[in-house]
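Me: I am new to this structure and would like to learn how to read it. Could you take me through some features one at a time?

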Amino acid sequence: MPLPKKLLAFLERAKTPYEPFSHRVVYTAYDTAQTLRVKVTEVAKPLLVKADKRFALALLSAGHTLDLTKVTKLLNAKKVRIPTEKEILALLKLKKKEGLSSFGSLYALPTLLEKSFAKNVKGIFSTGSFTDSVKIKLKDFIKLESPTVGIFGLVKKVVVPKKKKSPKKQRSKK
């Protein structure tokens, strides 16, 4: 499936260089990183947040989780939460086979960018398609989106269970 037309027009109008990627169907930024065999720190995870009565698009690395307390402070809000699926569909008018794009401007939403992700030279961003992503230089993304850069991500701690030692087998004496 080609890149969404609205995104293509947006990138071309802004003369933003990009590298498209087609891949198998993925639903998470983490799965995108695994599929493309890149570090999770290189893939942006877009999350919609509702701060009081307004919405914003938060972008952080696929290897981070969102710290709502920090987003609350960053947005100077009383309450921040992840909106319900019903709210997301109503606000963004997404079709059944569309996901959330990493480009808040496409939805007339302010964009928040996690500081640790902003340090990358390039990033891989969701296009709103489950089968396509784009790689863009972070300086170009920042110029395009004018995001608020802040610290609101927490590094995911992956716990790998320890292998149980198997009991040594005793040889029977004959």
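Reply: Gladly, and we can start with strands. Two strands pair if DSSP finds at least two bridges between them. Helices (H or I, at least four residues) and strands (E, at least two) are DSSP runs, numbered from the N terminus. Here, Glu 19 stands opposite Lys 135 in β8.

Me: What should I know about the model and its numbering?

Reply: Residues are numbered from 1 along each chain as its sequence is written, and side-chain values use heavy atoms, with hydrogens and water left out. The model is predicted, so local features need pLDDT of at least 70 and side-chain atom pairs count only at pLDDT 80 or more, while totals for chains, interfaces and linings use all residues.

Me: In which sense do β1 and β8 pair, and over how many bridges?

Reply: Strand β1 (residues 19–22) pairs with β8 in the antiparallel sense, over 4 bridges. β7 and β8 also run antiparallel, joined by 5 bridges, and Phe 125 stands opposite Val 134 in β8. In the hairpin of β7 and β8 there are 5 residues between the strands, and Gly 128 has a positive phi near 100°.

Me: Which residues of α1 are buried?

Reply: Buried means under 20% relative accessible area, exposed over 50%, and partly exposed in between (1.4 Å probe, protein chains only). In α1 the buried residues are Leu 7, Phe 10 and Leu 11. They lie on the same side of α1 because they cover an arc of only 95° around the axis, an arc taken from the directions from the helix axis to the C-beta atoms. The face turned away from that buried side carries the exposed residues Lys 5, Glu 12 and Arg 13.

Me: How much space lies in the largest pocket?

Reply: On a 1 Å grid over the protein atoms alone, a pocket is an open set of points where a 1.4 Å probe fits, with protein on both sides within 12 Å along at least five of seven lines; lining residues have an atom within 4 Å of a point. Grid points are joined across faces, edges and corners, and a volume is the space filled by probe spheres set on the points. The largest pocket holds about 720 Å³. It is lined by 33 residues, and those closest to its centre are Tyr 27, Pro 46, Gly 99, Leu 100 and Phe 130. β2 gives the most to this lining, with 5 residues.

Me: And what is the volume of the second largest pocket?

Reply: The second largest pocket has about 440 Å³. Helix α1 (residues 5–13) gives the most to its lining, with 3 residues.
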